[in-house]
Structures are given as C-alpha cells and as structure tokens.
Amino acid sequence: MPAYYDESTKTWYCKFYYTDYTGAKKQKKKRGFKLQREAREWERAFLERLQGTPDMTFQALYDLYYRGYEPQAKAEQYRRQKERVQESHTALFQGQADKCHYAH
C-alpha cells in the first residue's frame, strides 16, 4: 500500500487499483493527506469497505449503511430509523457481539 508525496502541494496521496463489484478494474486516487500514515489508513479503510469483509464489526457495518442511507432519506425518517436500530441492537453496539458475520 504505497503512499506518494506531492512536492507541489506538500501533501501525501494514495493511488491504487481495485476491482469493483462488476469485475472491472479501476484506479482510485485520493489527495491531500498531511501524513503518509493517513494516506495508507484511508486506502486500507477504502479496500476493507469495498470488500465487505465478513469479520467487519457491527459498528463499521452500521456506519457504512447509514452513510449511504442518509442522502436519500428525509431527516426525520433518518433519525427515527437510526434510533430504532440502536435501541434494538444495543448488545452489538456495546461490543458484546464483536463481529457481525453476513453473507454477500
């Protein structure tokens, strides 16, 4: 997972290839990191999110779902749905069930 330094902007960026859900190979480039470590962490998180690893924590799965759900839902609907999931799955949020296994 390489990270590169951009002399003109004095920041770090990551550039890598990945295979999307259709099987097409794509290139991803993200710029503007102050530290090399930040660029590498962002790349790792992107690839992990893309793969949907079966050992993903429930909190990570929850955050990923609601990041995509928020733009399409009305504000009140979004708030109610989020509260409903948090109330009904408190054990998962408290870490009692560390990993969320699901089939994709």
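A: Let us start with a group of rings: Phe-16, Tyr-18, Phe-33, Trp-42 and Phe-46 form one aromatic cluster. This is a predicted model, in which local features need pLDDT of at least 70 and side-chain atom pairs count only at pLDDT 80 or more, while totals for chains, interfaces and linings use all residues. Residues are numbered from 1 along each chain as its sequence is written, and side-chain values use heavy atoms, with hydrogens and water left out.

Q: How many aromatic pairs does a search of the whole structure find, and how is a pair of aromatic rings described?

A: A pair is described by the distance of the centres and the angle of the planes. Rings of Phe, Tyr and Trp (its six-membered ring) pair if their centres lie within 6.5 Å, and planes under 30 degrees apart count as stacked, over 60 as edge-to-face and the rest as tilted. The search finds 7 aromatic pairs; in one of them, Trp-42 and Phe-46 have ring centres 5.4 Å apart and planes at 15°, so this pair is stacked.

Q: Which charged residue lies over the face of Tyr-13?

A: A charge sits over a ring if NZ of Lys or CZ of Arg is within 6 Å of the ring centre and within 35 degrees of the ring normal. Arg-31 lies over the face of Tyr-13, at 5.1 Å from the ring centre, and Lys-25 lies over the face of Tyr-17, at 5.5 Å from the ring centre.
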